Amino acid sequence: MRLLPPEGALSGFGRPGAAEAGNGTPSPSASDQDVEIGEEIRKRGFRRWYERQLIEGHAYLVTAFLALILLLAGYEAMGVLRGSPLYHVAVVGASGAAGMLMWVSWRRFIALLARAELFANSAACPGCKAWGKFDVLAADSAGADEPPEAARPNWVLVRCRKCNERWRLG
Ligand SMILES: [Zn+2]
């Protein structure tokens, strides 16, 4: 009888077991993401999703370009402050911020466009050649905290609406 409390305590360790049982189905965070990109493609269609990716990607390109202009204009403007100790502080701070913004935006532009191209290149059904006419079955799981430049999910499992052929984008 005295063994019962430890056993009860052990059953507290049943949580990992429960988690294991849950592994049969996708974890909530993964399926949320799957649904997200799947829903997006389902609602808008692949063509619209693809266009949006290009627009979003180019918005990052424009941001990167503006940051570069800001950086260069900032250097010009700070010539006025040259010689004062404030000059060095201002230069380091402003160029650091603009440079970081430029770098992050540039990486997002590259990542989003690369994925959009990758998906678009394999969006034609291997069976009937219909382009972008499919339902999303599953997608690479992606963490909610992953930045856009991670370009996740980087693959999507789809099924043709016309001939039911299955294949993978990405
Ligand atoms: Zn097909």
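In the predicted model, the cover over the buried residues of helix 5 includes helix 4, strand 2 and strand 3. The residues of helix 5 that count as buried are Ala98, Met102, Ser105, Arg108, Phe109, Leu112, Arg115 and Phe119. An α-helix has 3.6 residues a turn, so residues three or four places apart point the same way. Helix 5 itself spans residues 85-121, a run of 37 residues, and extends 54 Å from its first C-alpha to its last, close to the 54 Å expected at 1.5 Å a residue.

The chain as a whole contains five helices and three strands, and these elements follow one another from the N terminus in the order α-α-α-α-α-β-β-β. Of its 170 residues, 16% count as buried. Among the contacts between residues at least 6 apart in sequence, 70% join residues that are at least 24 apart.

The three strands form an open sheet with the order 1-2-3 and antiparallel pairing. Strand 1 and strand 3 lie at the edges, each with a single partner strand, so that one side of each is left without a neighbour in the sheet. From one strand to the next, the twist averages 35°. Strand 2 and strand 3, the latter comprising residues 166-169, run antiparallel and are joined by four bridges; within strand 3, Leu169 is the residue that stands opposite Val156. The hairpin of strand 2 and strand 3 has five residues between the strands, and Asn164 in this hairpin takes a positive phi near 65°.

Val156 and Leu169, which face each other across the two strands, also belong to the largest nonpolar core, a set of twelve residues in all. At least two core residues are supplied by each of helix 4 (46-77), strand 1 (134-139) and strand 2 (156-160), and strand 1 gives the most, with three residues.

Key:
Residues numbered from 1 in each chain as written. Predicted model: local features only at pLDDT ≥ 70, side-chain atom pairs only at ≥ 80, totals over all residues. Core = buried A, V, L, I, M, F, W, Y, C linked by C-beta atoms within 7 Å. Buried ≥ 20, exposed ≤ 12 C-beta atoms within 10 Å, placed from the backbone. Pairing = 2+ DSSP bridges. Contact = placed C-beta atoms within 7 Å. Expected span 1.5 Å × (residues − 1). Axes fitted to C-alpha atoms, helices over the stretch in contact; angles between N-to-C directions.
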